[in-house]
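User: I have a protein model open and want to learn how to read it. Can you take me through its features one at a time?

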Amino acid sequence: MYVNDIISGACQPNNEPKILKENASTAWVDANNVLGATASHFAMDIAIKKAQETGVGWVTVKGSNHNGIAGFWAKKAADKGLIGMAFTNTSPLLAPTRSKKAALGTNPLSVVAPASKGESFYLDMATTAVAVGKIEMQCRKGEPLPLGWAQGPDGKITQDAELAFKTSCLMPLGGGENTSGYKGFGLSAVVDIFSGILSGSNYGHHIRSWSHTGSGGPANLGHCFVAVNPGSFAPGFEDRMAESIQHWRQLEPTDPNLPVMAPGDKEKEAAKETDANGTVSYVKQQIESSAELAKRLKVKPMVVKFN
């Protein structure tokens, strides 16, 4: 989808992002329609520098594109000893509580905090119940959806994966109103305030649908990046953070076979396994689509080793 946006001209990867306005602790950036990753590196680096100088850096970005994993950007700050936060709005997929139509995106948020004893807090979450890719996977497997994932065109919760995929109306985190889905709706709106409304980018219902065709013109997505120096506050933050993380893991689990995990543990275990193997594992469909893309672009395909 990135490639299609570039080919169609909806994204201009060779442009340069620029600062439109700034003071000691804040900056407003125009991504100038570059790739979201380019704009995000640029903006978070600014936030980190300002946090190192003043204690906090808050940067909003307009005119950007999909920027991948929210946690990656927050971790950039944590790697420098800062608390990092990253937010971005996305194409509308979330149906606000009581609505039949989508009006907000999956709008992920991330917070990554450094800790002592080799620990770190890592949260990266969408504000919808699930990502749309999980609906697609249920379609491929021919399996029904769990309750609370998506709704049909009538606004009612559906377990029909095909219908849900066509409707493209994900439920907010929490599901329906009776299970507090309005909290996920509220969180998605907060992310849009920080990312889109504050930056002057497209927001909510004004954002185009993202498709494989690259149609719809520039995305003009908004991001927000925050870096906070814990040293500007009470001493001992990293030790308290580590103690909290280790306490959570030591709690008695409801199932002895499933120990309590701190936010980020699952990802860290996967990364450790990948590093030990020296390879990255992909599902068959990803390998096939990557090979097709390499052929289309006339570039060398990635080296694949089948188990």
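Predicted model: local features only at pLDDT ≥ 70, side-chain atom pairs only at ≥ 80, totals over all residues.

User: Start with the fold. How many helices and strands does the protein chain have?

Analyst: The protein chain has nine helices and nine strands. Next, look at the radius of gyration. For the protein chain the value is 20 Å, close to the 19 Å that the globule rule gives for 307 residues, so the chain is as compact as a globular protein of that length. Along the principal axes, the C-alpha atoms fill a box of roughly 55 × 55 × 50 Å.

User: What share of the 307 residues is buried?

Analyst: Buried residues make up 39% of them. A residue is called buried when its relative accessible area is under 20%.

User: What share of the contacts joins residues 24 or more positions apart?

Analyst: Take the contacts with a separation of 6 or more. Residues 24 or more positions apart account for 62% of these in the protein chain.

User: Now the interior. What is the general idea behind a nonpolar core?

Analyst: In soluble globular proteins, nonpolar side chains tend to be buried together. Here, the largest nonpolar core has 23 residues. Those with the most contacts inside this core are V59, V61, F225 and A227.

User: Which elements give two or more residues to this core?

Analyst: They are β2 (26-30), α2 (36-54), β3 (56-64), α3 (70-78) and β9 (221-228). Helix α2 gives the most, with seven residues. Apart from this core lies another, of 15 residues, including F87, C224, A242 and A262.

User: Which residues does V61 touch, leaving aside its neighbours within four places in sequence?

Analyst: V61 is in contact with V29, A31, A39, A43, S195, S199, S201, L221, G222, H223 and F225.

User: Let me try a residue in α2. Is I46 buried or exposed?

Analyst: I46 is found in helix α2. With a relative accessible area of 13%, I46 is buried, because the cut-off is under 20%. Beyond its neighbours within four places in sequence, I46 contacts I19, A27, V29 and V59. For a sense of distance, I46 and M302 are 256 residues apart in sequence and 33 Å apart in space, C-alpha to C-alpha.

User: Where does S211 lie?

Analyst: S211 lies in the loop between α6 (181-197) and β9. Its relative accessible area is 23%, so S211 is partly exposed. S211 and K141 are 70 residues apart in sequence, and their C-alpha atoms are 22 Å apart in space.

User: Last topic: backbone angles. What is the phi of N107?

Analyst: Phi of N107 is near 35°, a positive value in a residue other than glycine. N107 lies in the loop between β4 (83-88) and β5 (109-114). A loop residue still needs its accessibility checked. At 0% relative accessibility, N107 counts as buried.

User: And what about S168: where is it placed?

Analyst: S168 is in the loop between α5 (161-167) and α6. Its phi is near 55°, also a positive value in a residue other than glycine. S168 has a relative accessible area of 29%, so this residue is partly exposed.

Technical notes: Residues numbered from 1 in each chain as written. Heavy atoms only, no water. Helix = DSSP H or I, 4+ residues; strand = E, 2+ residues; numbered from the N terminus. Rg over C-alpha atoms; globule rule 2.2 N^0.38 Å. Buried < 20%, exposed > 50% of the residue type's maximum accessible area, 1.4 Å probe, protein only. Contact = heavy atoms within 4.5 Å. Core = buried A, V, L, I, M, F, W, Y, C linked by side-chain atoms within 4.5 Å.
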